[in-house]
Amino acid sequence: MAAAEELREEAICSICLDFFCAPVMLDCGHNFCRACISLCWARAAAPSCPQCREPFPGCTLRPNRPLGAIAQGLRRLGRPGVAEEQIQAQLESLRREKGELEERERKERWICQDYLEKVKAERQRIVPAFKQLRQYLEEQECLLLARLGELEKQVETRLKESAATFSKKIIHLDGLIREKESRLPGHESPQDTSDVLSSSRCERADLQREERRSHELKKQPGVCSEKAPMLEETARKPQDALTTYSGDGVEKSQGPYTKVNVTLDPDTAQSQLVLSEDQRSVMQAATPQSQLDNPERFDPWPCVLGCEGFDSGQPCWEVELGYGTRWAVGVALESVKRKGPIDMSPAGGIWAVGRYKEKFQALTSPCPTPVLPDTVPRRVRVCLDHAGGQVMFVDVDSEAVIFTFRKAVFAGERIHPWFWVGKGSKLKLP
């Protein structure tokens, strides 16, 4: 090992401290790389040996080919000390680079995880928001389509009334024209002037009566295009002079509708509804009440039925809207669905009007119909015509008809008063 080390030392140039490359030998016996000695002499004022300082004016360089072959062989074998240091340096560099990459990978994973959490939270926020938005848009679409349908009916009705009105006016003017023409000199009329004036006055009176009737129909509230004026007028002003009483508390009036005494059925009240002791008012509690579950009880929708059921006649009763913006009142079939989601429309066996926040509407099929009264009623009268298949709602204060369900299919089944009470609302039977 010592001899090999000495041999390597002898094969190293003293100028570049590396294995000889094209070594040359000076006259003094020292060897250098040709490029190293040439560069050294080019910088020196007078050529000399870098080791012994012997001058060489002639700059004679003799190639040392055996030494060059030895240096080339040793170069292929490598220098152990230098190679080990290089390998150690490379290892340190690789380890350092690996550590940096691992640290960057941890940071990148943390950043990506944070973004994933943010994306998940944003998805959880967006999905219900857009679901609510779609539901709102669907409701608005139904409302707008219903309003457009009602507007279309009103325009068609107005068109027919206008055509009839103008036709009568034209006929009336024709009569006046003939009357005036008959007064011209030389004009002979086959008809006496008094007959023309009488006919004209009759036509004018008929026209005025028709216009008054049309004006009265236009003033009636509600969104139904067809009205029954006599029946609705009776519903607006039921007879208060009661003449007879039945054993079940029903008050018989002189008019076609019968005012009845209605109470709430606690066996049908959803568990979160609280009924008063006299069973004449209801509101929603913050937590469900401890109640026995039975097939008649609504669950989970906050509904309750009236104890009284009607399979004939024309009963009516009033409901006082205590407070709140989430409620609905009406009638329901005795066989109405009690468990799970229910269809609050005639298709589900319910005929009602109600308010949800700022929307006051009739619960029609397939979409609710908006009702636009001057003010939200404080007390509603529910009028049921079982035989005629009609349910009418009247604002007690203004005596205006709110909405009328026509051609209701009861199929001979008993009908009960029906109430839906949302959070923060209270209904009362006066």
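These questions and answers go through strands, a helix and ring pairs of a predicted model.

User: How far apart are the end C-alpha atoms of helix α3, and what span should its residues give?
Analyst: Helix α3 runs over residues 65–77, which is 13 residues. At 1.5 Å a residue they should span 18 Å. The distance in the model agrees with this: the end C-alpha atoms are 19 Å apart.

User: Which residues of α3 are buried?
Analyst: The cut-off for buried is under 20% relative accessible area. An α-helix has 3.6 residues a turn, so residues three or four places apart point the same way. In α3 the buried residues are L67, G68, A71, G73 and L74.

User: How many aromatic pairs does a search of the whole structure find, and why is the pair of F310 and W317 stacked?
Analyst: The search finds five aromatic pairs. The ring centres of F310 and W317 are 5.7 Å apart, and their planes stand at 15°. Planes under 30 degrees apart count as stacked. The 15° angle therefore makes this pair stacked.

User: Are F310 and W317 buried or exposed?
Analyst: F310 has a relative accessibility of 11%. For W317 the value is 2%. Under 20% counts as buried. Both F310 and W317 are therefore buried.

User: Is the pair of W327 and F360 stacked, edge-to-face or tilted?
Analyst: The two ring centres are 5.9 Å apart. Stacked needs planes under 30 degrees apart and edge-to-face over 60. The planes of W327 and F360 are at 55°, so the pair is tilted.

User: How many residues apart are W327 and F360?
Analyst: W327 lies in strand β11 (residues 326–333), and F360 in strand β13 (residues 359–362). W327 is buried at 3%, and F360 is buried at 7%. Their pair links distant parts of the chain, 33 residues apart.

User: Which residue takes a positive phi in the hairpin of β12 and β13?
Analyst: Strand β12 (residues 350–356) pairs with β13 in the antiparallel sense over four bridges. The bridge partner of Y356 is K359 in β13. Two residues lie between the strands, and the positive phi, near 60°, belongs to K357.

User: How many residues lie between β13 and β14 in their hairpin?
Analyst: Strand β14 (residues 369–370) pairs with β13 in the antiparallel sense, over two bridges. Q361 stands opposite P370 in β14. The number of residues between β13 and β14 is six.

User: Over the ring of which residue does the charged end of R338 sit?
Analyst: The charged end of K118 sits over the ring of Y115, 5.7 Å from its centre. For R338, the distance to the ring centre is 5.4 Å. The ring under R338 is that of F298.

Terms used
Residues numbered from 1 in each chain as written. Predicted model: local features only at pLDDT ≥ 70, side-chain atom pairs only at ≥ 80, totals over all residues. Heavy atoms only, no water. Phe/Tyr/Trp six-rings, centres within 6.5 Å; stacked < 30°, edge-to-face > 60°. Buried < 20%, exposed > 50% of the residue type's maximum accessible area, 1.4 Å probe, protein only. Lys NZ or Arg CZ within 6 Å of the ring centre and 35° of its normal. Expected span 1.5 Å × (residues − 1). Pairing = 2+ DSSP bridges.
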